[in-house]
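Subject: Structure handover

Dear colleague,

I am passing on the structure below, together with some notes on what turned up when I went through it. Please read the notes with the structure open beside you.

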Amino acid sequence: VRGGRLVLCAGALGSRYQELSGFVRYVGKPHSQVYRRCFEVLGISAPKRILAIGDSLVTDVAGAAALGMDTIFVTGGLYAAELGVAPETPPEPARLAALYAQAGVAPMAAMPLFAW
């Protein structure tokens, strides 16, 4: 989400190219090699020392959780419409729990917006 608009990312382009019979090598989230490379660059051997923050349950949260990292889900991003919220508004806990169950992930916390 950029400037309040949903934009295509590399994963979506790769997926479409694969549908057209192209060869795609995924190295971003949720694939472990991208996280492992970050650990290496940072000199961190314990993934539990890292907190991952993201707005995608299937890439950001799932990828980090699979490696034992704590995660925070940003609800005002990709899933804002599905959760029925404006980017700065927290969702109803029941809707959030249902979304987690559907995605098969359980972040340690959620926040409506991440700005830096």
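Two strands are said to pair here if DSSP finds at least two bridges between them. With that in mind, and keeping in view that this is a predicted model, strand 2 and strand 3 (residues 109-111) pair in the parallel sense over three bridges, with V74 standing opposite M111 in strand 3. Strand 2 also pairs with strand 1, again in the parallel sense, over four bridges, and there I53 stands opposite I72 in strand 2. Because four of its five residues are buried, strand 2 is largely enclosed by the rest of the structure.

Helix 3, which spans residues 57-66, has L57, D60, V61, G63 and A64 buried, and the cover over its buried residues includes helix 2 (32-42), strand 1 (51-54), strand 2 and helix 5 (93-103).

Helix 5 can be described in a similar way. Its residues L96, L99 and Y100 are buried; they cover an arc of only 100 degrees around the axis, which puts them on the same side of helix 5. On the other side of helix 5, A94, A101 and Q102 are exposed. Helix 3, strand 2, helix 4 and strand 3 are among the elements that cover the buried residues of helix 5, and helix 5 is followed by G104, for which phi is again positive, near 75 degrees.

Finally, which residues is T75 in contact with, leaving aside its neighbours within four places in sequence? T75 sits in the loop between strand 2 (70-74) and helix 4 (80-83), and, with those neighbours set aside, T75 is in contact with A80, L83, V85, T89, P91, L96, A110, M111 and P112. T75 has a relative accessible area of 1%, so it counts as buried, the cut-off for that term being under 20%.

Best regards

Notes:
Residues are numbered from 1 along each chain as its sequence is written. This is a predicted model: local features need pLDDT of at least 70, side-chain atom pairs count only at pLDDT 80 or more; totals for chains, interfaces and linings use all residues. Side-chain values use heavy atoms; hydrogens and water are left out. Helices (H or I, at least four residues) and strands (E, at least two) are DSSP runs, numbered from the N terminus. Buried means under 20% relative accessible area, exposed over 50%, partly exposed in between (1.4 Å probe, protein chains only). Contact means heavy atoms within 4.5 Å. The arc is that of the directions from the helix axis to the C-beta atoms.
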